[in-house]
Amino acid sequence: MAQFCLTEYPMVANANATHKGWDGKYPAPDGAKVIFTCEFGFADGKKEHQATCSSSDDFWCTSFNVDVTCPKPVYPDCRKTEKGKEYMGRINKTETGKDCLRWDSKPYGKPNYFETNMLYEEHFLNEDPRSHENYCRNPALKEKPWCFVSDTDIQWEFCNIPFCEDRVPLECKLTQKGGEYMGKKNRTILGLPCIAWLKAPLTFQYRKWIQRKPAFSDDVNTEHNYCRNPGGRPGGPWCYNEGTSNQTPDWHYCDVPFCSLPKPESKRNAGNEAIYPNCRKTEKGKEYMGIINISETGKRCMRWDAFLNIETYPDIMVNHLPLTVDSKVLTFEYLFINSDPYQQFDYCRNTGSGERPWCFVSKEPSIEWEYCDIPFCDDLVPLECKLTIKGGEYVGKKNVTQSGKSCLPWLSRIPEDNRLDNFLFHLSDPIDSTHNFCRNPPAFIETPWCWTSSPGEDILFEECGIPFCYELLLESLSSNEGRHEYPQCRLTQLGTEYMGTVNRTMTGKECLPWNNVPYTPLPVYYTREWFPDYVVSQYIIPHKNYCRNPGLKEKPWCFVADPEIQWEYCDIPLCDDSTPAECKFSECGWEYAGSKNVTNLGVTCEQWSNVRGRQQDNYLYPGLPENKMETTHNFCRGKCSSRQLSPEQCVTVRHPVETQTLVFPD
């Protein structure tokens with residue numbers, strides 16, 4: 001019997017075939033193998049298949065079915081042009097198999113074949129060599145994509161980047177800045193025609209583009225007027241256009257949406273449910289508000305406010321800004337959700353333009369940071385509520401104001417309000433020309449909002465009325481079969497901790513909203529305090545018209561429409577279990593009545609009675625849930641106010657309960 005295969009081995013279209021144990025000439029010896037590889041993976045998800053000669057039957061045994069395919073690459077894993085400036089794939093080996101070096105390492109400085117009038121960083125799409133890692137690119141407009149290599153004699157080599165079967169440019173962007181976009185749109189988001197890049201008056205060009213052609217994603221000639229982003233603007237592709245009023249050239253963003261990309265898979269931990277805010281709902285995780293404070297390598301994170309006075313921001317905080325913008329145009333506070341580094345303590349956050357949440361791990365002798373391992377949530381659908389007063393973390397899809405007006409795209413009002421251009425990266429999610437969802441960048445006002453006026457009109461905006469997550473929770477809770485369970489009951493006689501939704505008095509009168517009290521002057525319940533301080537949270541809008549106990553009456557009450565009596569008590573039952581929960585519902589925990597008495601820095605809390613007589617006494621309020629001021633009371637209590645006590649008193653915005661647990665609706 002013949003000890004070889006005369007029959008040709010089966011082929012897999014588009015796959016690379018290499019021979020093992022023979023030279024590829026027939027007849028093939030017994031056991032000869034053919035190894036098939038598919039650069040971007042076979043359709044069955046495998047990277048490699050093989051065929052083995054079985055000489056007993058002159059037959060090839062295969063690891064694949066006859067219908068297996070090696071799909072042709074599609075953009076961004078292929079190039080659409082000869083030079084491939086637009087290539088954004090992940091190939092990182094040269095034609096001869098050498099490993100590519102990271103672009104941001106600048107292994108050979110700025111080579112002389114780079115433009116002398118351009119910074120090294122300007123040669124890269126989005127002005128960010130860090131984001132291109134060590135993937136093949138074409139920053140210097142060579143014949144095709146290439147990369148630096150460790151061989152100092154040659155320094156660089158070309159890469160073998162396949163052409164896309166479909167060479168038509170995409171009419172969408174892959175990245176936030178969209179520097180790779182090379183479509184044919186040539187009108188602004190307002191519908192105004194674009195001026196050719198090289199024909200715009202030089203006095204108006206903030207960079208002379210004729211000297212900066214490598215900054216574009218394609219070849220630029222005198223007629224090229226397509227939307228591009230050569231200057232790394234935060235919002236994406238843009239162009240110059242004729243002015244609408246005095247014919248002075250202007251610029252606007254273009255209508256270039258994101259391409260449809262696969263959503264990230266939820267990274268589930270066996271036995272644990274990842275529930276927001278202790279997980280992230282987006283790739284970058286700017287909305288993450290959990291309490292993980294350990295880096296990926298196990299280092300303890302440092303407090304954000306310890307870096308308030310650093311002279312130079314690390315790149316991860318300011319890479320979103322164009323190179324022409326001084327990073328110090330943004331104060332340290334403005335780089336954070338809600339413009340508040342104090343409330344973030346030492347928790348992992350994505351401050352600035354990181355790929356995911358991170359934190360500082362060292363300040364001396366040098367500033368160092370590391371990424372954090374924050375899992376994706378099991379449910380990636382964003383909550384239609386906010387956790388904090390300003391709601392900077394909100395990533396919901398509401399795009400209508402509280403009065404019913406439709407929201408306009410954020411990019412449509414730039415450059416009319418140029419302040420926002422530098423703040424676009426501080427939105428809690430990526431932005432494109434279609435993004436018109438309610439947001440608060442970066443905490444311009446006290447709650448999420450959006451534009452409501454049309455371009456050319458006076459700039460108008462309106463709040464969106466995004467509810468607190470705990471409000472939705474309260475509305476969903478009710479006593480179970482006659483049982484009185486918190487928060488729909490009171491834990492103490494005074495009931496200052498009560499945060500239920502009863503809004504009628506003992507006699508059935510409807511309660512009036514706390515933020516629109518009809519009676520003046522207000523009753524004097526406590527000296528040196530103004531009315532919102534009587535409402536325990538000091539942010540009275542969330543209390544709506546629910547029964548509460550500001551002013552320390554005997555139990556919860558509310559204002560009523562009868563001017564003769566002005567207010568009445570409410571019938572709020574005592575809870576069956578009066579043990580306070582060791583968690584909080586609201587942002588600052590005004591309702592917390594637990595027994596924790598150590599700050600998140602490990603400092604033992606001072607007794608409340610010792611605070612009396614100090615200057616800070618002016619800042620105290622009568623809202624301690626149990627109205628205890630005796631010497632034994634040193635428990636942490638919440639206070640929603642910008643006015644702060646010293647850290648040891650445990651009632652400061654900067655030092656709330658360390659083991660706080662936010663509770664949200666399913």
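These legends describe close-up views of a predicted model. Local features need pLDDT of at least 70, side-chain atom pairs count only at pLDDT 80 or more, and totals for chains, interfaces and linings use all residues. Residues are numbered from 1 along each chain as its sequence is written, and side-chain values use heavy atoms, without hydrogens and water.

**View 1. The largest cavity.** Seven cavities of 30 Å³ or more occur in the structure. A cavity is a set of points on a 1 Å grid, over the protein atoms alone, where a 1.4 Å probe fits but cannot get out. The largest holds about 100 Å³ of space. Its lining includes Lys 286, Phe 336, Arg 349 and His 426; lining residues have an atom within 4 Å of a point. Three lining residues are nonpolar, four polar and two charged.

**View 2. A buried edge-to-face pair.** Phe 345 and Tyr 347 pair edge-to-face, 5.6 Å centre to centre with 65° between the planes. Rings pair if their centres lie within 6.5 Å, and planes over 60 degrees apart count as edge-to-face. Phe 345 counts as buried because its relative accessibility is 3%. Tyr 347 is buried too, at 6%. Buried means under 20% relative accessible area (1.4 Å probe, protein chains only).

**View 3. A cluster of rings.** The structure holds 46 aromatic pairs. Ring pairs join residues into a cluster, among them Trp 103, Tyr 113, Trp 146 and Phe 158. Lys 142 lies over the face of Trp 146, 5.3 Å from the ring centre.

**View 4. A charge over a ring.** The charged end of Lys 553 sits over the ring of Trp 567, 3.8 Å from its centre. For Lys, this requires NZ within 6 Å of the ring centre and within 35 degrees of the ring normal.

Definitions and conventions. 1 Å grid on protein atoms, 1.4 Å probe; cavity = no way out; pocket = protein on both sides within 12 Å on 5 of 7 lines; lining within 4 Å. Points joined across faces, edges and corners; volume = space filled by probe spheres on them. Nonpolar A, V, L, I, M, F, W, Y, C, P; charged D, E, K, R; others polar. Phe/Tyr/Trp six-rings, centres within 6.5 Å; stacked < 30°, edge-to-face > 60°. Buried < 20%, exposed > 50% of the residue type's maximum accessible area, 1.4 Å probe, protein only.
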